[in-house]
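I opened a notebook page for this structure. The entries below follow the order in which I looked things up.

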There are 2 protein chains.
Amino acid sequence: MEIDLSRPILARNDALAEGNRARLAESGAFALDVLASPGAGKTTTILATIAALRERYRIAVIEGDIASKVDAEKVKAHGIPAVQINTGGACHLEADMISRALDAIPLAELDLVIIENVGNLVCPTEFDLGQGARIVILSVPEGDDKPLKYPGIFAMAEAILLNKVDAISFFDFDEAAFADSVRRLNGTAPIFRMSAKTGEGVAEWAEWLAARIEGAK
Amino acid sequence: MEIDLSRPILARNDALAEGNRARLAESGAFALDVLASPGAGKTTTILATIAALRERYRIAVIEGDIASKVDAEKVKAHGIPAVQINTGGACHLEADMISRALDAIPLAELDLVIIENVGNLVCPTEFDLGQGARIVILSVPEGDDKPLKYPGIFAMAEAILLNKVDAISFFDFDEAAFADSVRRLNGTAPIFRMSAKTGEGVAEWAEWLAARIEGAK
């Protein structure tokens with residue numbers, strides 16, 4: 001006999017995620033779950049997004065990592081509330097972790113909660129957090145073949161950020177092949193070319209996010 | 001009541017891994033498990049390693065990915081036997097997958113079996129495959145803070161390859177801070193500075209691996 005424990009674990013997570021979603025809806029805050037490989041530029045992109053939108057919206061950040069609190073400290077240094085979740089080994093955030101993090105931020109006063117998931121293109125996709133949207137960041141140095149290898153995350157993302165385009169001349173990255181692979185998995189998500197470091201393309205991505213924040217009010 | 005299914009699953013995996021280890025020892029082949037983030041340059045590093053060692057050793061490659069067979073095709077194009085494992089969603093290879101892959105390669109004729117694990121800095125660490133050594137590749141664009149965030153994999157690696165050093169002027173990567181973080185987790189693993197693309201540093205890494213292959217004979 002085989003016991004499939006994944007089903008009840010995911011069912012429990014989904015119920016907690018719906019609770020988070022209801023709390024966020026009640027407060028009128030939009031939650032964005034940011035997925036990417038380690039080192040794709042999640043934190044830098046979040047900081048660039050905050051810089052683009054902080055005059056218009058009240059923002060907090062939930063940082064997920066296996067260990068360390070360096071990312072939450074980076075965000076707090078910009079005067080933005082941040083909570084660090086250390087998963088203690090787990091390769092993804094789960095809805096109950098987000099539920100506890102929502103207790104620790106001033107939710108009623110917020111328009112946008114950005115969740116930085118653990119750096120991983122696989123495991124987070126199975127765990128709904130109650131977010132309003134999920135995005136994936138791929139950085140140019142990772143290569144244009146990643147949608148072929150990690151199709152689940154590219155199929156599910158509502159927007160795809162191609163980061164570190166300032167380094168594109170340094171790497172063999174075929175943008176047409178990348179866009180083509182994405183389109184076979186995902187017919188609707190926009191692809192934003194950007195560099196969180198130089199600021200290129202950040203405004204276009206931020207406008208997409210602003211429209212989603214307005215939609216959640 | 002909570003049921004911890006991870007213990008029996010890992011115990012079963014460990015038993016299968018010991019079986020793989022015994023088969024490899026019997027044939028005198030050394031198995032190298034290569035761990036890294038998506039896009040760190042695992043396949044390119046494996047191809048550079050093959051180029052450095054193929055005159056001296058008989059080599060085969062086991063490629064692990066969620067989906068696609070592009071990596072095995074790249075290796076086969078160089079005239080090296082390769083088996084592609086598609087995990088069908090799982091974020092790591094397991095010992096039973098390697099056992100079946102060993103059936104599909106000419107083990108008795110080999111000196112070196114290179115296993116490319118799924119791109120993930122978390123999940124593969126818990127699953128022994130029966131390898132002779134595990135290494136981790138970190139690429140410069142991922143950032144120098146990764147040992148802080150993914151300590152398990154840097155603590156366990158027997159060698160650490162810092163790849164894409166040809167791009168170091170393009171990224172803010174503090175090599176001293178990186179080495180210091182690694183040393184706090186791992187007192188013995190050498191750090192090889194290299195670029196699989198330009199070939200810089202590949203010879204030093206290949207000599208370390210050659211010594212391990214000789215030790216397994």
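Which side chain does Glu200(A) meet in a salt bridge? I found Arg193(A), at 3.4 Å from N to O. I took a salt bridge as a side-chain nitrogen of Lys or Arg within 4 Å of a carboxyl oxygen of Asp or Glu. Glu200(A) is partly exposed, at 38% relative accessible area, and Arg193(A) is partly exposed at 37%. For these words I used under 20% for buried, over 50% for exposed and partly exposed in between, with a 1.4 Å probe and protein chains only.

I noted the terms of the model: it is predicted, local features need pLDDT of at least 70, side-chain atom pairs need 80 or more, and totals for chains, interfaces and linings use all residues. Residues are numbered from 1 along each chain, chains are lettered from A, and side-chain values use heavy atoms without hydrogens or water.

Next I looked up a pair between chains. Lys149(B) and Asp71(A) form a salt bridge at 2.7 Å, N to O. The pair runs from helix α5 (residues 146-149) of chain B to helix α3 (residues 70-76) of chain A; I took helices as DSSP runs of H or I with at least four residues, numbered from the N terminus. Lys149(B) is buried at 6% relative accessible area, and Asp71(A) is buried at 0%. I also found both in a network of salt bridges with Lys74(A), Asp145(B) and Lys146(B).

Last, I counted over all chains and got 34 salt bridges. Of the 217 residues of chain A, 58% are buried.

Terms used
Helices (H or I, at least four residues) and strands (E, at least two) are DSSP runs, numbered from the N terminus.
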